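Please read it alongside the sequence and the coordinates.

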Amino acid sequence: MLDVRSPDETASGYLEGAQMLDFNSGEFAAKLPTLDPDAEYLVYCRSGNRAGQAIAMMEQSGFENLTNLGSLEQAAKTTGLPIVR
């Protein structure tokens, strides 16, 4: 599971077990080559917009098993995982 929000956003809460990779800072793009393209990824952000952009980049790199969970709250509801504060 990938949280592509900024550190300021993740400081207010994140899903247990999520890997934080800030999309806007370039951290996500820098780490993309190190991610396993055969793994399943659930991606969320504040609204789903950056998650969608991250997924588009992943698809261009050959990733296939991707889900946009939308916002943190939507991701928590969908996965049943707690929000860690």
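**Summary**

Helix α3 lies across β1, β4 and β5, and its direction makes an angle of about 145° with β4. The model is a predicted one. The points below take the sheet, then the packing of nonpolar residues, and then the salt bridges.

**The sheet and the helices across it**

- Four strands make up an open sheet with parallel pairing, in the order β3-β1-β4-β5.
- The edges of this sheet are β3 (19-20) and β5 (66-71), each of which pairs on one side only.
- Strand β1 (residues 2-3) pairs with β4 in the parallel sense through two bridges.
- Within that pairing, L2 has V43 of β4 as its bridge partner, and D3 has Y44 of β4.
- On the β5 side, β4 pairs in the parallel sense over five bridges, and Y41 stands opposite L66 of β5.
- Four of the five residues of β4 are buried, so this strand is largely enclosed by the rest of the structure.
- A further helix, α4 (residues 72-79), lies across β4 and β5 and runs at about 125° to β5.

**Nonpolar cores**

- In soluble globular proteins, nonpolar side chains tend to be buried together.
- The largest nonpolar core in this model contains 16 residues, and L2, F28, Y41, V43 and M58 have the most contacts inside it.
- Both β4 (41-45) and α3 (49-60) supply at least two residues of this core.
- The element that gives the most to this core is α3, with four residues.
- Apart from this core lies another one, of seven residues, which include L15, A18, Y44 and L72.
- When neighbours within four places in sequence are left aside, F28 is in contact with L2, V4, L21, D22, F23, A54, M57 and M58.

- How many salt bridges does a search of the whole structure find? The search finds three.
- One of them joins R5 to D3, with the closest N and O atoms 2.7 Å apart; R5 and D3 are both buried.
- Another joins the side chains of R46 and E9, at 3.8 Å from N to O.
- R46 lies in the loop between β4 and α3, and E9 in helix α1 (residues 7-10), so this pair ties together parts that are 37 residues apart in sequence.
- Is R46 buried or exposed? With a relative accessibility of 60%, R46 counts as exposed, because the cut-off for exposed is over 50%.
- E9 has a relative accessible area of 17% and is therefore buried, since buried means under 20%.
- The remaining salt bridge is formed by R50 and E9, whose closest N and O atoms are 2.8 Å apart.
- This pair links distant parts of the chain, with R50 in helix α3 and E9 in helix α1, 41 residues apart.
- The side chains of R50 and E9 are also listed as a polar contact of 2.8 Å.
- R50 counts as buried because its relative accessibility is 10%.
- Leaving aside neighbours within four places in sequence, R50 is in contact with V4, R5, S6, E9, F23, N24 and C45.
- R5, one of these contact partners of R50, is the residue that forms the salt bridge with D3.
- Which residues are linked in a network of salt bridges? The network consists of E9, R46 and R50.

Notes: Residues are numbered from 1 along each chain as its sequence is written. This is a predicted model: local features need pLDDT of at least 70, side-chain atom pairs count only at pLDDT 80 or more; totals for chains, interfaces and linings use all residues. Side-chain values use heavy atoms; hydrogens and water are left out. A nonpolar core is a set of buried Ala, Val, Leu, Ile, Met, Phe, Trp, Tyr and Cys residues joined through side-chain atoms within 4.5 Å. Buried means under 20% relative accessible area, exposed over 50%, partly exposed in between (1.4 Å probe, protein chains only). Contact means heavy atoms within 4.5 Å. A polar contact is a pair of N or O atoms within 3.5 Å; within protein, one must be able to donate a hydrogen and the other to accept it, and residues adjacent in sequence count only if both atoms are side-chain atoms. A salt bridge is a side-chain nitrogen of Lys or Arg within 4 Å of a carboxyl oxygen of Asp or Glu. Two strands pair if DSSP finds at least two bridges between them. Axes are lines fitted to C-alpha atoms, for helices over the stretch in contact, and angles run from 0 to 180 degrees between N-to-C directions.
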